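Me: Hey, can you help me get my head around this protein? I'd like to go through it bit by bit.

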Amino acid sequence: MEAALAVARLPPHDPKTPALSVVDMHTGGEPLRIVYAGCPEVAGPTLLAKRRYMRHHLDHVRRRLVFEPRGHRDMYGAVLVPSELPEAHLGVLFLHNEGYSSMCGHAVLALGRFALDFGLVPAPPDGARETQVNIHCPCGLVAAFVACEGGRSCGPVRFHSVPAFVLASDLTVDVPGHGKVVMDIAYGGAFYAFVSAEKLGLDVSSAKTRDLVEAASTVTETVKAQFKIHHPESEDLGFLYGTILTDGKDAYSEEPTTNICVFADEQVDRSPTGSGVTARIALQYHKGLLQLNQTRTFRSSATGSVFTGRAVRVSVPLAARGETKEAGAGCWEAKCGDFKGVVVEVAGQAHYTGTASLTVERDDPLRDGFLLK
């Protein structure tokens, strides 16, 4: 029997519904399910157009991939698609329990390894210890740098973000049950509200996860109701992705600072949140608490896993350079409009956990999945 099961065979399934072939990984405990075959064609001339097409026409794929019984409410997915950018090695759409993200740092760290190991990028030259993978995310082009040995990934990955910036600093928001709370909103490929958990009567390192989730979700919904989120380049990117509760330790220190991210429909990031680290570094740099190339360590209060982050390059607003939008198109400095931005490097370790073929039976009433609160 073991020999028979070892042969690659699919169970009975709907022949009109291709199996989704996936590789499962995690980065700092946060799962990633990568679809590399079986997804219907995602139409659209640009990556953001593909994101809209998938939301409107292929959302059943997201639900089958992420929801129970094949996944769970905190599962995260990535669908690989072609990119219109000639310099990109691959394009990716990010999937979660509520819909589609614009950026996902933990996924980029995992996809860097995947792209090298599965031949999506040219083999690095003999003796190379690191190779670059250009990943086109909905927020823009992100460069990942993958440690390698003998042409295979072998360790941590780091990435350079799209320019990150602060949308609102020291914003006062009237939060139900907590009164007026001062917080910040920053962008690291996605927008987050940042608030010290202490201001909500919680300790981010010791409070129950349920209490942190409820507090963060209340902040998210309140900010959405009271503050307009705007991205200078694209309406598709102008939304609040979630809230990150911190330990309040924003001044530079060699000691780790702890946070937890609650995003989408009360989804909890098990990792320190790559795009959140990006935005938090931008926030600390904006406030003068961090200098270029000072490295900080960020710890997840959910798992204790860590990422590092540092501001590596300042991006200049187009107006300050005397350039038009068209003249600056294609360079990273053009991506944050009139906001003072900074390119952030985030590093972490991703691991493989398995492979699967996800199938559907025609008579299954729960074929498209379900979620339990």
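Me: Which residues of helix H2 are buried?
Reply: Keep in mind that this is a predicted model. In helix H2, which covers residues 47–57, the buried ones are Leu47, Leu48, Ala49, Lys50, Arg51 and Met54.

Me: Zooming out, how many helices and strands does the protein have?
Reply: You get 8 helices and 18 strands. The radius of gyration is 20 Å, close to the 21 Å that the globule rule gives for 373 residues, so the protein is as compact as a globular protein of that length.

Me: What share of the residues is buried?
Reply: 54% of the 373 residues count as buried.

Me: New topic: what about the charges?
Reply: There are 37 positive and 42 negative charges, and their mean positions are 2 Å apart.

Me: What's the mean pLDDT?
Reply: The mean is 92, and 92% of the residues reach 70 or more.

Me: Where does pLDDT stay under 50?
Reply: Residues 1–7 are one such stretch, and the model has 1 contact for them beyond four places in sequence. Residues 318–335 are also below 50, and that stretch has 28 contacts beyond near neighbours in sequence.

Notes:
Residues are numbered from 1 along each chain as its sequence is written. This is a predicted model: local features need pLDDT of at least 70, side-chain atom pairs count only at pLDDT 80 or more; totals for chains, interfaces and linings use all residues. Side-chain values use heavy atoms; hydrogens and water are left out. Helices (H or I, at least four residues) and strands (E, at least two) are DSSP runs, numbered from the N terminus. The radius of gyration is taken over C-alpha atoms; the globule rule is 2.2 Å times the number of residues to the power 0.38. Buried means under 20% relative accessible area, exposed over 50%, partly exposed in between (1.4 Å probe, protein chains only). Lys and Arg count as positive and Asp and Glu as negative; His and the chain ends are not counted. The place of a charge is taken as NZ of Lys, CZ of Arg, CG of Asp or CD of Glu. pLDDT is the predictor's confidence in each residue, from 0 to 100. Contact means heavy atoms within 4.5 Å.
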